[in-house]
Amino acid sequence: MVISPLALRRFSYAIVALMMFSALILLWSALQHQESTLTIRPVSQGTSVPDGFSIWHHLDANGIRFKSITPQDDVLLIKFDSSAQSAAAKAVLDRTLPQGYIIAQQDDDSHVASWMSRLRDTSHRFG
């Protein structure tokens, strides 16, 4: 079986195009910014969540930028562009907020988490 030079050339062009496309996808995924979330919740049930304005004031006074502050149930969610900003905000809020609050940093890997939950949910369906 003999492969014609034209077919070999087309095959090599297709391989090069596939490699370039794969490199672009890898580069795009590496440049994606991973946003991070800081959660503030009271330790005891009788304590209320801190005011978003006071949190904004503490972060602004220390030059820390954030995307949003959202109250949700008994938790205050603060979204940042990066985990470095979230870590800096956690350090500031640990110093400035009174005792009685749990401040936790969460990196938002929503794509990974959604795939992992899909894999976990479907594993019990086999057999």
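The legends below describe close-up views of a predicted model.

**View 1. The largest nonpolar core.** This core has 14 residues, of which Ile40, Ile55, Leu59, Ile78 and Leu93 touch the most other members. Two or more residues each come from strand 1 (36-42), helix 2 (52-61), strand 3 (75-80), helix 3 (83-96) and strand 4 (101-107). Neighbours within four places in sequence aside, isoleucine 55 contacts Ile40, Pro50, Ile69, Leu76, Ile78, Leu93 and Leu97.

**View 2. Serine 86 in helix 3**. Serine 86 has 0% relative accessibility and therefore counts as buried. Beyond its neighbours within four places in sequence, serine 86 is in contact with Ser36, Thr37, Leu38, Phe80 and Gln105.

**View 3. The salt bridge between lysine 79 and glutamate 35**. The N to O distance is 4.0 Å. Lysine 79 belongs to strand 3 and glutamate 35 to the loop between helix 1 (5-31) and strand 1, so the pair links distant parts of the chain, 44 residues apart. Lysine 79 is partly exposed at 28% relative accessible area, and glutamate 35 is partly exposed at 24%.

**View 4. The salt bridge between aspartate 81 and lysine 67**. Here the N to O distance is 3.9 Å. Aspartate 81 sits in the loop between strand 3 and helix 3, and lysine 67 in the loop between helix 2 and strand 2 (68-72), so the pair ties together parts 14 residues apart in sequence. Aspartate 81 is partly exposed at 42%, as is lysine 67 at 47%.

**View 5. The salt bridge between lysine 90 and aspartate 94**. Their side chains meet at 3.0 Å, N to O. The two residues are four apart in helix 3, which means a separation of about one helical turn.

Key: Residues are numbered from 1 along each chain as its sequence is written. This is a predicted model: local features need pLDDT of at least 70, side-chain atom pairs count only at pLDDT 80 or more; totals for chains, interfaces and linings use all residues. Side-chain values use heavy atoms; hydrogens and water are left out. A nonpolar core is a set of buried Ala, Val, Leu, Ile, Met, Phe, Trp, Tyr and Cys residues joined through side-chain atoms within 4.5 Å. Buried means under 20% relative accessible area, exposed over 50%, partly exposed in between (1.4 Å probe, protein chains only). Contact means heavy atoms within 4.5 Å.
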